[in-house]
Amino acid sequence: MDDDEVANRKVSFRKCLEHLSGAGKAIGVLTSGGDAQGMNAAVRAVVRMGIYVGAKVYFIYEGYQGMVDGGRNIVEASWESVSSILQVGGTIIGSARCKAFRTREGRLKAAQNLVQRGITNLCVIGGDGSLTGANIFRKEWSGLLEELAQNGEIDKEQVQKHAYLNVVGMVGSIDNDFCGTDMTIGTDSALHRIIEVVDAIMTTAQSHQRTFVLEVMGRHCGYLALVSALACGADWVFLPESPPEEGWQEDMCVKLSENRARKKRLNIIIVAEGAIDTQNKPITSEQIKELVVKQLGYDTRVTILGHVQRGGTPSAFDRILASRMGVEAVVALLQATPETPACVVSLSGNQAVRLPLVECVQMTQDVQKAMDERRFKDAVQLRGRSFETNLNTYKRLAIKLPDDQIVKSNCNVAVINVGAPAAGMNAAVRSAVRVGIADGHKMLAIYDGFEGFAKGQIKEIGWGDVGGWTGQGGSILGTKRTLPGKSLEDIAVQMRTHSINALLIIGGFEAFESAVLLSDLRDHHPEFCIPICILPTTISNNVPGTDVSLGSDTGLNVVVETCDRIKQSASGTKRRVFIIETMGGYCGYLANMGGLAAGADAAYIFEEPFDIRDLQSNVEHLTEKMKTTIQRGLVLRNESCSENYTTDFIYQLYSEEGKGVFDCRKNVLGHMQQGGAPSPFDRNFGTKISARAMQWISTKLKEAPGKGKRFTSEDSICVLGISKRNLLFQPVTQLRKDTDFEHRIPKEQWWLKLRPLMKILAKYKASYEVSESNQLEPVHPRGHEEPAAI
């Protein structure tokens, strides 16, 4: 790579933040309402981004109560004051319910306390109640200041100087009960707590053939109950938005006994704490237990998870989400004018967006109104696309129609795993098999990748065969990195022998390469002229056609958890720098996003070339850092980021240059990143995306009834992935143009835009690409594309 190319790739990261100066501005940040994991990451991002652009940032302790009480509750924050809080659950600045703020007198005191410190920008992290309060405060602001001036509390000059208040909200709520955003801060971490418990309960339940009734949080929203039911393959789920139909008691007992008859040794029933029937009467976990014991005589236990769900360390997803939202909130405050309405920084698919706060709150309240009025279909639709997709997918996978009620398609659909194992593969296979059977297909499992395919290791797989697969790591079908190139004739023979009408390939870059090869050879092998869908599944997240690969979330959580432990080990021994090597091939996703989620000082990746000067500058940066109260460093390195600057080289360089200032340790994470149980995100994502792939295959097969139809068009071999906000099927023939086959990565990667964000939060000068438009988006834009609800 020549110097010009290096320079160009570096310049591509620079887009100026200079026009967004925060000089002379003051931002107040508070957390309010129920706490949620990830709030601290949001607070850290607001403080550091605010200081970075030259603004003063103030902690407002104990939520609105602290704003009303003033005094020591409103304190200027420093860069170091938010160090080491990324991995801490809850909120370090406290949260409280505040009655005083609901009165005008309370808001008058709060306004006086803010004006005294020159705070006219508020960043509120909380639920819909907290955000509604902030909006009322914003609307009343000028009136409150006038009243304070009349009472002689402030002078006219202060009224003019602080004439308007800007408000930006971030939703921190484990329930994911806020309309307009796909995920709220804390939801993913709460799911981690629930799934940890479910996995533990499953082993004891199997031993004794027990039924467990699990009660999870969600007084008005069933998101946690629904997604955990989807992620663990629960037998039955009770939600406030979608009550069971009349006579559910008998239906549920029939379902439980049918599952036992299929040799299933346990039953799991998940109940949201706000579960109701169609008459709005509560359905409690004790009620359900009594019913099961009385009707079926099963040994049944109740477990109420309670506040366990709010606690613990935030997941990698929540840390990255909160960091992105925090930075975006500061940018929104700096871009705001007196006319800008209060907005919520939100997540849509994989994009950060700004939405009008009032409309989001209104829609959230409309859901409750619909439930109160027993308009349950409306309630589900108002919850948004993510909730609706989850509910429909759960229903399809949980309940099997009797064989005589399924219309047979007379088509054989095969499922294969290709490439390195990745968490979520088994969840995807389970989902594909069950949706395929429900659509009337005969489902075939191919064992041991294309090697097994060529040898004829193909068997029919049934509904019950994939029970309990969602929580299993690795690949139960077996997977190999071998490409089909050497055994194309044998594979074609097997496809003829088993009359395979469609193929679902679940795997990493090898799956994509295989599909390209099969596409090229359709003229020579008519057997390959069938619908083929690729589900990108790899921890490296390096497959073209998707922003997020199945398995990458689990790998990222392993990286982040390990970094947390390593950082903790350094808390006793000061002045220590850790160098950690991550997997990913040439793709720097794990190193970069792991660095953002773990609060690293630097992350070396192939996509951003670096030289000895960059290494030297990082050493100098860490030397300066050791003079502060934060006396430890964390550096991540992608395994293939540089041929010569190896992990050993960087370790030796840091050790030599840091002599007398800090000492060094290195750690290679290796294959532990590929192992372990899948994260809730990967279980849910794998289940949903695989169900969608099977729908696509079924639609294609219906377009061509009869066995003789040949599929030769480009759009019959596709990769299914998330692109920005949409789920897209993209032909491999188009994607190959966007692929760097030598380094096995896409030519364009969205997460590189987040790279400056990691640098800014680590106190490096960097230019962050900000949204040029200061426009708010409508809450529910209905486009032609298919939304990618994660």
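Colleague: Is Cys533 buried or exposed?

Modeller: Cys533 is buried, because its relative accessibility is 0%. Buried means under 20% relative accessible area, exposed over 50%, and partly exposed in between, with a 1.4 Å probe and protein chains only. Keep in mind that this is a predicted model: local features need pLDDT of at least 70, side-chain atom pairs count only at pLDDT 80 or more, and totals for chains, interfaces and linings use all residues. Residues are numbered from 1 along each chain as its sequence is written, and side-chain values use heavy atoms, leaving out hydrogens and water.

Colleague: How many disulfides are there?

Modeller: Zero, by the rule used here. That rule asks for a pair of cysteine sulfur atoms within 2.5 Å. For Cys533, the nearest cysteine sulfur is that of Cys718, 7.0 Å away.

Colleague: New topic. What is the strand order in the open sheet?

Modeller: Seven strands run in the order β3-β2-β1-β4-β5-β10-β11, with mixed pairing. Strands (E, at least two residues) and helices (H or I, at least four) are DSSP runs, numbered from the N terminus. Two strands pair if DSSP finds at least two bridges between them.

Colleague: Which are the edge strands?

Modeller: β3 (74–76) and β11 (351–356), each pairing on one side only. Neighbouring strands of the sheet are turned by 25 degrees against each other on average, direction ignored. Axes are lines fitted to C-alpha atoms, for helices over the stretch in contact, and angles run from 0 to 180 degrees between N-to-C directions.

Colleague: How many bridges join β10 to β11?

Modeller: Six, and the two strands run antiparallel. Val344 stands opposite Leu355 in β11. β10 and β11 form a hairpin with two residues between them. Gly349, in the turn, has a positive phi of about 65 degrees.

Colleague: What about β1 and β4, parallel or antiparallel?

Modeller: Parallel, over five bridges, with β1 at residues 26–31 and β4 at residues 121–126. Val29 stands opposite Cys123 in β4. Helix α5 (residues 128–150) packs on the sheet, touching β4, β5 (166–171) and β10 (343–348). Contact means heavy atoms within 4.5 Å. The direction of α5 makes about 160 degrees with that of β4.

Colleague: Last one. Why is α23 called largely enclosed?

Modeller: Because 19 of its 24 residues are buried.
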